[in-house]
Structure formats: structure tokens, C-alpha cells
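Trainee: I have a model open and would like to learn how to read it. Could you walk me through a few features?

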Amino acid sequence: MSSRRVSGRVSGRIASAAAVLLLVGSCSSGGGQGGGNGRATTGASGATTATAAPTPSASATPRRSFDPPSAFDRAKGVPLPVEAKASAVLLDGLTAYLPAKEGLRAVDLTTGQVVGTAPTQQPAGLAETPVLAEVGGRRLVIGSFPEIVRGQGTSVDHAVAELVAMDAGTRAPAWSLPLDLPQGFAEYKYATLLGVRGTTAVLAVSDSDHGAVLAVDLAARKTLWTQNGFFGAALTEGQVVGIVSQDGVRQKLSALDLADGKTAWSAAADSYETTVRPAGPATVVVQGRDYGSAKNFAWLVDGTTGKQTLDFSGGFTHTCTYDGRSVTVCATESTAFAVEPTTGKVLWKLPDDANTRVSPRVTAVRHGVVYGTTRNGPVTLDATTGQDRPGSPQLAPVAVDEYVGLAPAEGTGQALTAYPATG
């Protein structure tokens with residue numbers, strides 16, 4: 001496939017991861033930089049949605065909360081199951097929710113034990129970060145799983161995206177909802193929940209040649225609308241922002257109205273190798289190459305209007321993470337800067353112009369704090385000013401909430417361990 005073909009990977013970690021969140025349900029979508037998830041949860045879209053208080057851990061062990069944490073206890077780490085990945089873990093109080101081959105799992109962060117499973121109908125493909133939703137008075141954790149249903153007789157294979165819901169209070173399976181996808185997705189791999197607004201969830205699916213988004217009414221458990229040919233989507237307050245292409249090469253930025261799936265706005269410029277990621281409640285970061293000049297570009301864009309609020313083009317790919325309150329931090333391996341997501345105003349940048357300070361390698365952002373590392377060890381910065389916060393956090397978490405920071409244990413590669421917050 002040409003390097004100018006539409007990008008097949010559907011966005012979403014964050015964070016908190018994010019959400020990974022962060023994201024994770026959180027902001028997190030990708031890069032391990034999602035904010036954590038507490039009473040205000042950052043989902044795959046990076047926008048913050050108010051939820052009820054997190055369900056306490058199944059363990060009777062009391063645990064203090066710090067929002068945001070400034071330090072962690074490295075001596076009391078709790079190893080998580082091997083399938084726990086920073087780009088696909090939702091933190092909710094003292095429970096982590098993660099996709100596994102068997103389905104959606106709940107893990108007690110004080111013990112590392114699996115305390116609940118909501119199974120899929122078939123062995124799962126590449127699943128991504130779950131999200132939180134309030135539906136009919138119940139707090140639900142919802143995961144999305146791509147599946148291929150093989151044809152029988154004269155019928156052809158068809159693609160299904162299965163939504164699996166778990167009750168966050170009991171950690172028991174709530175329901176499962178298979179969603180038929182348009183023809184052409186017979187080998188697709190990605191099903192990403194971009195987030196939930198009210199009781200409407202937005203699901204993005206893709207492979208190397210196809211993309212689509214679906215709006216799903218979680219209360220009625222039915223598809224509200226489907227838009228085929230829509231790639232790389234991110235959910236803002238009332239729009240789904242993504243990429244459309246008429247020829248598979250030249251791409252345009254576009255937005256769909258969440259209520260009915262109709263086009264809300266469309267940009268005029270052509271591009272290729274374009275990505276769209278969440279960067280705030282109503283802001284996205286758009287990066288790619290101009291079709292005419294082949295030059296790299298990087299913009300912050302108001303998802304409601306399509307207006308560019310900041311141009312930070314410079315040849316580097318940035319990961320931008322909303323802190324869940326008021327600041328977006330964008331970083332590469334060696335640079336970082338913070339902006340007000342609504343205005344695009346730059347608050348600080350590192351390295352500084354005088355070359356007296358270096359940039360940390362940012363690992364997570366939450367509620368006014370930037371977590372990362374320099375050659376001097378783990379550090380935390382004030383997300384608004386960029387100044388170092390006092391003391392060492394002892395850890396550079398890749399996902400964080402008010403109780404724990406998740407980070408790979410030393411010598412274990414990508415295996416994650418939960419370290420309790422201590423201040």
C-alpha cells in the first residue's frame with residue numbers, strides 16, 4: 001500500500017492511558033501518557049466526563065488517596081496480570097479494568113488478583129482501553145472487542161464489534177452487545193471506544209483500508225448511526241473529528257455531529273499520513289503531511305468549529321495529553337510544552353531558551369502534574385508553570401490515579417506493577 005494511503009489505526013491511550021488512560025478510559029488514548037481516572041474520568045477521547053465515585057477495592061486494606069499524587073512507594077509494588085498494558089488499562093479507584101483474550105477483566109490493585117470477568121462471545125482480537133459510563137443508574141465499565149464471524153455454506157465472513165459491559169459495583173457481567181459492521185471489514189483489527197457522552201458511546205473501527213464510526217445508544221443497546229469511510233477519529237464535546245478520503249490518498253479533516261452523524265464541518269486543505277488525537281474536551285491535535293508540499297504539520301484544532309488554534313509544526317511527532325482539568329501537555333522524547341487547550345496559548349516549553357533546563361521524557365499527566373524522567377531520575381512538574389515540584393516521586397508512572405501509579409517493574413520489560421501513592 002502507498003505511504004500516502006489512509007492511516008488505518010484508529011486513535012484513542014490517550015492515555016492514562018490513557019487512558020491511558022490514559023487514559024485511560026482515560027485520556028488515553030496512546031503513548032502511555034494518559035491521565036488517571038478518578039471522579040472525573042478521562043476516556044479514550046481525552047475529554048473529561050463526570051462519573052460517580054469509584055468503587056472501593058475488594059481488599060479490606062485501607063488506602064489513602066492523593067489527587068494528584070506526588071510520590072509513590074517503590075517497595076510495595078503489586079504485579080498486575082501479564083495482559084495489563086499501559087495503552088489499554090482503565091484505572092478507577094483501586095480497581096484496574098483491562099481487556100484480555102477471555103473478555104473484560106477487573107483487577108484489585110491492592111492484591112493484583114482478578115476479581116471479575118465479563119466474557120466475550122468469541123476469542124478477542126486486539127482490544128483497547130475500556131471506558132466508564134452511567135446508564136440507567138448503574139456505573140458500567142464497557143470494553144470493545146473486534147471479532148470476525150466466519151461464514152457457513154454460501155454466506156461470507158462478516159465483521160462484528162462486540163461491546164462487553166461490567167457492573168463497576170459488583171464486577172459482574174452486565175450485558176454483551178454485538179454490532180454488525182459494514183461489508184469490507186472481514187480482516188479488521190481495531191475497535192476503539194472513543195468515549196461516552198450521556199448514554200451515547202462512539203466506537204471507531206479500522207483496518208489498513210477501511211474506517212468507520214458508530215454511535216451506540218447504551219440505554220437502548222442499539223446503533224444510532226454509522227458513518228463508513230471515516231478514519232482516525234477522536235471524540236470532542238459534540239463532534240467526532242476524523243479523516244475522510246475520496247481516493248485513498250488525499251485526506252481531509254472533517255467532523256460529524258454526535259446527534260445524527262451528519263457533517264458538522266470539513267477542512268479545505270489536503271494532506272496524507274494524517275492522524276487525529278484528543279487534546280482536551282473540545283480540542284484535537286492533528287499531525288501529518290501537506291499533500292502539495294510534503295512538509296510536516298502539527299496543529300491544535302477546535303473540534304467544534306475546525307479552527308486552528310496553534311501551529312507547532314517542526315518535523316517531530318508529538319503526543320499530547322489533557323490533564324483532566326485545564327492544561328494539555330505535548331511532548332516528544334526530548335521536548336515538552338504546555339498549552340491552554342481552548343485558546344492554544346503556550347504556557348511553557350522545555351528545554352528553555354537559555355538552555356538551563358532539559359525536558360523530561362513525559363510518561364503521564366494528571367490534574368496539574370506532569371510525570372516523567374530525566375538523567376537525574378523521576379521528576380514531577382507543575383503542568384501550568386512547567387516548574388519542578390519539590391521532592392522526588394520515586395517513580396515515573398505510565399498511568400496514574402489518586403491511589404496508584406502504574407509502571408513497568410525493573411527487569412520485567414513491559415509487565416506492569418501498581419505502586420501505592422504516598423503523598
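Mentor: Gladly! Cys320 and Cys330 form a disulfide (cysteine sulfur atoms within 2.5 Å), with their sulfur atoms 2.1 Å apart. Keep in mind that this is a predicted model, where local features need pLDDT of at least 70, side-chain atom pairs count only at pLDDT 80 or more, and totals for chains, interfaces and linings use all residues. Residues are numbered from 1 along each chain as its sequence is written, and side-chain values use heavy atoms, leaving out hydrogens and water.

Trainee: Which parts does the pair of Cys320 and Cys330 tie together?

Mentor: Cys320 lies in strand β26 (residues 319-322) and Cys330 in strand β27 (residues 328-331), so the link joins parts 10 residues apart in sequence. Strands here are DSSP runs of E, at least two residues, numbered from the N terminus.

Trainee: What is the handedness of the disulfide of Cys320 and Cys330?

Mentor: The torsion about the S-S bond is about 110 degrees, so this disulfide is right-handed.

Trainee: Are Cys320 and Cys330 buried or exposed?

Mentor: Buried means under 20% relative accessible area, with a 1.4 Å probe and protein chains only. Both Cys320 and Cys330 are buried.

Trainee: Where is Glu147, and what is the nearest side chain of opposite charge?

Mentor: Glu147 sits in strand β11 (residues 138-149). A salt bridge needs a side-chain nitrogen of Lys or Arg within 4 Å of a carboxyl oxygen of Asp or Glu. Glu147 is buried without one, and Arg150, the nearest side chain of opposite charge, is 11 Å away. Lys and Arg count as positive, Asp and Glu as negative; His and the chain ends are not counted.

Technical notes: Helices (H or I, at least four residues) and strands (E, at least two) are DSSP runs, numbered from the N terminus. Buried means under 20% relative accessible area, exposed over 50%, partly exposed in between (1.4 Å probe, protein chains only).
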